[in-house]
Amino acid sequence: MASFTAKDVAALREKTGVGMMECKKALVETDGDVEKAIEILREKGLASAAKKASRIAAEGVVVAYYDDAAQVASMVEINCETDFVAKNEGFVALANKIAKTVAEKNPADVDALLKETLVGESATVEEAVQELFLTIRENMKVRRFVRVEGKVATYIHGGGTVGVLVKFDSDAAFDDAFKAMGKNVAMQIAAMNPEYLSKDCISADELAKMKNIIVESSLNKPESLPKPILNKVIAKACDEKLWSDADIAAYEEQKKNKFLFNFLSKEAIATLAELAVAGKDEFIGDKIFAGAVEGRLKKQLTEVCLLEQAFVRSDLFEGNVAGYVAKVAKELGADIKAASFVRFEKGEGIEKRVDDFAAEVASMM
């Protein structure tokens, strides 16, 4: 006869979050000993977690924490298998506790973080993750974190899909006006995803690579070439009969048409690209071509550098992000400079599983 009651099963389920049948089996196995039953459930959970560790965990949540008094911020990404679990209250609560643990204990890396005791708990981070697994039964991973000291603005977008920390160097009080400015800049980063803080952060080698990519793409897209360069390339194609008679005739008829390339064959356009690439050494020394390349490089820098980007909240300020920060600094009578930023996007870089239901059915047949 069982030495436990239905109330014992319910109590065990409440303690562990594990299903009723699993709790009943554990109590049967331990003859009603609740503590031993909990151990058995944990052991089974660990074994199950190990089996599921290879499953792709590309969903999850990004959370941030900031301690105003200590001026320490942290941001953590925790992954799971499904969006449903990512919205689970227990999952999100654990993520927030881990972020606070990062801020307070300053672990060196993820492995060190897993061994830290979770803030407000007796269990380690690793044990807390394993404990939650018993309830949600999905592969979970603490993927990465960052910790920043100083005046830091935090922003979480879309319920944890994107997270941003922005550090500011300033002698201003970290008041509501400062925080509002910081949040606006953080929102800019979340929306526009800049790669660098400013153009000063880009090395000479990186700038050279960016410039070379622009040169190559310009030469391979003849319709984007400056008019004098394009005319040279077309003249060569016509004079040396590298185009078909039909393309030459189309050119003669439409050469003043701004939609000229709509009348040329793909082969003719490909020939122009080949000629442009072959003449690279000549064209990069051309002032007009060099000017066009510099213009495109400047435009690209305004897209990839935070402080050079057009400020998206045009209702607050017309200009770039650097100008917006300077405006707020002037209003506060202080010196404010954006020093660095970190942006996490949930699941970025993780190859997600793609289910092909039709192919699966076909293979079964």
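Author: Touching here is a contact, heavy atoms within 4.5 Å. This is a predicted model, where local features need pLDDT of at least 70 and side-chain atom pairs count only at pLDDT 80 or more, while totals for chains, interfaces and linings use all residues. Residues are numbered from 1 along each chain as its sequence is written, and side-chain values use heavy atoms, with hydrogens and water left out.

Reader: Ok, and which residues have the most contacts inside the largest nonpolar core?

Author: Val166, Phe168, Met181 and Val185, in a core of 37 residues. A nonpolar core is a set of buried Ala, Val, Leu, Ile, Met, Phe, Trp, Tyr and Cys residues joined through side-chain atoms within 4.5 Å. Buried means under 20% relative accessible area, exposed over 50%, and partly exposed in between, with a 1.4 Å probe and protein chains only.

Reader: Which elements give two or more residues to this core?

Author: Strands 1 (59-67), 2 (72-80), 3 (141-149), 4 (151-157), 5 (162-170) and 6 (336-345), plus helix 8 (176-192) and helix 15 (321-332). Helix 8 gives the largest share, 6 residues. Helices (H or I, at least four residues) and strands (E, at least two) are DSSP runs, numbered from the N terminus.

Reader: What lies apart from that core?

Author: Another core, of 30 residues, including Ile202, Met210, Leu225 and Phe283.

Reader: Back to helix 15. Which of its residues are buried?

Author: Val321, Tyr324, Val325, Val328 and Ala329. They sit on the same side of helix 15, because they cover an arc of only 135° around the axis; the arc is that of the directions from the helix axis to the C-beta atoms. The buried residues of helix 15 pack against helix 8 and strand 6, and on the other side Lys330 and Glu331 are exposed.

Reader: How far does helix 15 reach, and what follows it?

Author: Helix 15 has 12 residues and reaches 17 Å from first C-alpha to last, close to the 16 Å expected at 1.5 Å a residue. That expected span is 1.5 Å times one less than the number of residues. Next comes Gly333, with a positive phi near 65°.

Reader: Which residues other than glycine have a positive phi?

Author: Asp31, near 55°, and Asn106, near 50°, are among them. Most residues other than glycine have a negative phi. Asp31 is in the loop between helix 2 (20-29) and helix 3 (34-52), and is exposed at 55% relative accessible area. Asn106 lies in the loop between helix 5 (89-105) and helix 6 (110-115), and is partly exposed at 44%.

Reader: New topic: how many disulfides?

Author: 0, counting pairs of cysteine sulfur atoms within 2.5 Å. Cys305 is in no disulfide, and its nearest cysteine sulfur, that of Cys201, is 7.5 Å away. Cys305 is buried, at 0% relative accessible area; Cys80 also counts as buried, at 0%.

Reader: And the whole chain, what does it come to?

Author: 16 helices and 6 strands. Of the 365 residues, 41% count as buried. The chain exposes about 20,400 Å², with carbon and sulfur atoms supplying 53% of it; accessible areas come from the Shrake-Rupley method with a 1.4 Å probe, and for residues only the protein chains shown count as cover.
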